[in-house]
Amino acid sequence: LRAEMSSQHAQHLGANRRQDDLLSGGDTAFILICTCLVLMMTLPGLALFYGGLSQATNVLGTVMQSFAVTCLVTVLWLAFGYTIAFGAGDDANDFIGGGAKLWLTDVEKPFGNIPESLFVTFQCTFAVITAAIITGSTAERMRFGPLLVFLGIWHLIVYCPLAHFEWGGGFMSKWGVLDFAGGDVVHISSGVSGLAASLIVGKRKGFSQGQSLPPHNVLLVFMGASLLWVGWFGFNAGSALGANGGAGMAMLVTHISASTAGLTWIIIEWLHVGKPSVLGAVSGAVAGLVVITPGSGFLDQSGAFVCGITAAPVCYLGIKLKGMLGYDDALDAFGVHGIGGIWGGILTGLFARPNIGGEGVAGAFYGNPKQLGIQLAGILFTMAFSFIMTMIILVPLDLILKAVTGQGVRVSEEVEDAGLDISEHGESMVAPHSGSVFDAE
């Protein structure tokens, strides 16, 4: 028996060695690092960024949303999400992936030069941060339970199909839409869905009364934005799926766009209000990171500079829209991610260079005006799909909860006044901690 087990073990090791021979150690190590960087964008990057932007009585609830979304989306990605987005086989089509990868079946084999298990994890971190971005639009007034239900359904019927349309061999990729690291799939989808959700949930009480609602801790915002900037190298450069020249150029243009946008925002704010703020500087850098994302594998340094210098005024105006039009995009998920993703997709259609990246696709300024039309078609479809599907999920959910429990997706006015930290999680940053919620009971 021991001899037979030893023989089977040797055969298993031999099979693993044959598979490992197909892998690139350098590419695998690079994507391992990039995966960690992208997860860092959500935990703790986005959590700190959103937490600092919130009011003091809502900061724990805000960071808890990012943490819980990470856990929830990962489990859904394991069970259904990955196969919806990237499942291949005879049952896959232009609109949905096949069922071959349910429960991550048969992901032990190579995926190009890296293990498919690593590709699964890398793409999971994209799904995580996309859902987490939406929480910025509904911050400080949406109940925790309904939020998780909404985002769980949204992940499966909005994000995963979009990922398949664009990256999994679906119809948008066949159209020729360029989206290297998530302009459509990540930023437009989350920003527009956040806008739809904010309209359904309604305005914060303070926003309706014309209060300014400034961030409670700009230092947390600064720390979160800095982590996002560093993590974005994994986001964009890692989308090359290898340690190669495309990854190097994606990293360079990402840094140029973020730096240019941050500097431009400082100048705009200096001229507009007389003083450049830390909040404005980091907002500009994040805007530059968003705008470069779809074209990070297709633009050169000049295109990146244009992305950065235009990202600042475009997103600056995007944030001002909520005051002008009266919707409460609390932490500017739509103003930065939605507007920035749209603008980045347009610039990709203009500045894509055929000698950047492996696809050889040119933009309008390099002799291919058709690409701009293709980009606009992809943007408009993503906007419409994200907005309508969010309405389809959240409006019935609100009505069902009101019918069954007497309360919809939104907290009561009393809870909103007191802050969601205590009501939703039993703890607070502004009062002595009472110990475990079980002790309190």
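## Basis of the model

The model is predicted, so local features need pLDDT of at least 70 and side-chain atom pairs count only at pLDDT 80 or more, while totals for chains, interfaces and linings use all residues. Residues are numbered from 1 along each chain as its sequence is written, and side-chain values use heavy atoms, with hydrogens and water left out.

## Overall fold

The chain has 17 helices and two strands. Both kinds of element are DSSP runs numbered from the N terminus: helices are H or I with at least four residues, and strands are E with at least two. The radius of gyration is 22 Å, close to the 22 Å that the globule rule gives for 441 residues, so the chain is as compact as a globular protein of that length. That radius is taken over C-alpha atoms, and the globule rule is 2.2 Å times the number of residues to the power 0.38. The C-alpha trace spans about 70 × 60 × 35 Å along its principal axes.

Of the 441 residues in the chain, 53% are buried. Buried means under 20% relative accessible area, exposed means over 50%, and partly exposed lies in between (1.4 Å probe, protein chains only). Among contacts with a separation of 6 or more, 76% are between residues 24 or more positions apart. A contact means heavy atoms within 4.5 Å.

## Helix α4

Helix α4 has 19 residues and reaches 28 Å from its first C-alpha to its last, close to the 27 Å expected at 1.5 Å a residue. The expected span is 1.5 Å times one less than the number of residues. In α4, 17 of the 19 residues are buried, so the helix is largely enclosed by the rest of the structure.

## Packing of α12 and α13

Helix α12 (residues 301-325) packs against helix α13 (residues 333-351) at an angle of about 145 degrees, and their axes are 9 Å apart. The axes are lines fitted to C-alpha atoms, for helices over the stretch in contact, and angles run from 0 to 180 degrees between N-to-C directions. From α12 the contact uses G303, V306, C307, T310, A311, V314, C315, G318 and I319; from α13 it uses G335, V336, I339, G340, W343, L347 and F351. These residues divide into eleven nonpolar, five polar and no charged. Ala, Val, Leu, Ile, Met, Phe, Trp, Tyr, Cys and Pro count as nonpolar, Asp, Glu, Lys and Arg as charged, and the others, Gly among them, as polar.

I342 also lies in α13. This residue is buried, with a relative accessible area of 15%, and touches I188, I379 and M383, leaving aside residues up to four places away in sequence.

## Backbone exceptions

Most residues other than glycine have a negative phi, and most peptide bonds are trans. The peptide bond from L43 to P44 is cis, with omega near 10 degrees. P44 is placed in helix α2 (residues 25-53).

Two non-glycine residues with positive phi are in loops. E140 has phi near 75 degrees and lies in the loop between α4 (116-134) and α5 (144-167). L241 has phi of about 60 degrees and is found in the loop between α9 (218-237) and α10 (245-273). E140 is buried at 6% relative accessibility, whereas L241 is partly exposed at 29%.

## Other buried residues

A139 is in the loop between α4 and α5 and is buried at 1% relative accessibility. Leaving aside residues up to four places away in sequence, A139 touches R204, A330 and L331. A139 and S198 are 59 residues apart in sequence and 8.8 Å apart in space, C-alpha to C-alpha.

Q371, in helix α14 (residues 370-405), is buried at 4% relative accessibility. With residues up to four places away not counted, its contacts are G176, V177, L178, G349, V361, A362 and G363. G262 lies in helix α10 and is buried at 7% relative accessibility.
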